[in-house]
Amino acid sequence: MASINQCVTSLTRLSLSAPARPVYATIPRFLAPSIIQTRCKSAGSVAMRARERKKEQLKKKKRQQRFKEYKFATPSGEAEQYSLCDAMRYLRAFEVGRPPSSVTYELALKIRTPKNSAVLRNRVRLPYPIKNDTRIAVICKEGSGAMHDARAAGAVAFGEESLFELIKASPNKLPFNRLICHVDSEAALKKAGLGRILGPKGLMPSLKTNTLTRSVKSLMHDMAGAETYRERIGSIRVPIGNINYSPKMLSENVKTLVLGVKETLSKMEHRVKKELIEVVLTSTNGPGFSLNGGFNPTDEKIQPAHLSTAM
């Protein structure tokens, strides 16, 4: 039989021992309530997000630098190219029997351009203009020096309030097909609210279309006989000459237009990269012939003088 001291010692040992912990059943983490789920934010998550943003920006920049090939802005590949006289010879054959006054040569310049980039537009004065019916009106202050320059240069209408009243009175029968504005009258033009009338007709003066000027005389000289071109779907199409033009006349017009477009492209180089990839000559009812930059015909029996006569 155990003594009293031994019983007390055993009871003391039992009271001092650690209580047993209850055992919980393990359940999958995704089944536990969201309140008891522990969410720890790693120290590198901020740096990882910064790296991801940087990668996205680089991808976006690369996408913007890629060229978007339009249907009309792709080179003809291995298609045959022609000299100017050869192209004129074949196009004249397509236009036999048609009135010469209704047939014109047209030049198509194919431009490789990035997606959603600035539109190429400008004005070029051809050595042998096609249109001679340019009628220019000038918005300028009454009695100013610009008004005297406009009158001397042959403007069909000039002034401020009088010209605004003329436009509002007969918006569908305007006596002019070109409209320029002196910089001193820009505020009056905006106040007149003629954008709804002139805008759809392409006559609203603006810096973008180079129709706001300080020198009315020089701008009228540049606009008389000038052709306005604009990039559309990666291509520029401009009438370049009448079917009765000689090869020399057409060659001068083609050179002037191509050099003008290249000059405009060089000015836009700091903003967007564009590239002239092909020059195609066509006519009103004829197909397109890609030009190789040559002038003389490949057939020795054909001379440029033979292409200068009426069909």
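Strand S4 (residues 136–139) and strand S5 pair in the parallel sense over 3 bridges. Strands here are DSSP E runs of at least two residues, helices are H or I runs of at least four, and both are numbered from the N terminus; two strands count as paired if DSSP finds at least two bridges between them. The model you are looking at is predicted, so local features need pLDDT of at least 70 and side-chain atom pairs count only at pLDDT 80 or more, while totals for chains, interfaces and linings use all residues. Residues are numbered from 1 along each chain as its sequence is written, and side-chain values use heavy atoms, with hydrogens and water left out.

Let's stay with that pair of strands for a moment. Ile-139 has Gly-159 of S5 as its bridge partner. The sheet they belong to is open, with 4 strands in the order S5-S4-S6-S7 and parallel pairing. Its edges are S5 and strand S7 (212–213), each of which pairs on one side only. As background, strands of a sheet pair through backbone hydrogen bonds, either parallel or antiparallel.

Leaving aside neighbours within four places in sequence, Glu-160 is in contact (heavy atoms within 4.5 Å) with Ile-139, Cys-140, Lys-141, Glu-142, Ser-185 and Ala-188.

Cys-140, one of those contacts, is buried with a relative accessible area of 0%. With a disulfide defined as two cysteine sulfur atoms within 2.5 Å, the count comes to 0 disulfides.

Now for the nonpolar interior. A nonpolar core is a set of buried Ala, Val, Leu, Ile, Met, Phe, Trp, Tyr and Cys residues joined through side-chain atoms within 4.5 Å. The largest one has 33 residues, of which Leu-107, Leu-109, Ile-240, Leu-257, Val-261 and Leu-281 touch the most other members. Two or more residues come from each of H3, S2, strand S9 (235–242), H9 and S10, and H9 gives the most, with 6 residues. Another core, of 16 residues, lies apart from it and includes Ala-157, Leu-179, Cys-181 and Leu-194. In soluble globular proteins, nonpolar side chains tend to be buried together.

Helix H3 (residues 84–94) has several buried residues, among them Leu-84, Met-88 and Leu-91. Cys-85 is buried too, at 1% relative accessible area. What covers the buried residues of H3 includes strand S2 (104–114), helix H9 (247–267), strand S10 (275–283) and strand S11 (289–290).

In strand S9 you will find Pro-239, which counts as partly exposed at 28% relative accessibility. Its C-alpha atom is separated by 7.7 Å from that of Ile-130, 109 residues apart along the chain.

Finally, consider the charged pairs. A salt bridge is a side-chain nitrogen of Lys or Arg within 4 Å of a carboxyl oxygen of Asp or Glu, and the count by this rule is 9. One of them joins Asp-299 and Arg-89, with the closest N and O atoms 3.8 Å apart. Asp-299 lies in the segment after S11 and Arg-89 in helix H3, so this pair ties together parts that are 210 residues apart in sequence. Another is formed by Arg-112 and Glu-275, at 3.3 Å. This pair links strand S2 with strand S10, 163 residues apart. Here Arg-112 counts as buried at 17% relative accessibility, whereas Glu-275 is partly exposed at 36%.

Terms used
Buried < 20%, exposed > 50% of the residue type's maximum accessible area, 1.4 Å probe, protein only.
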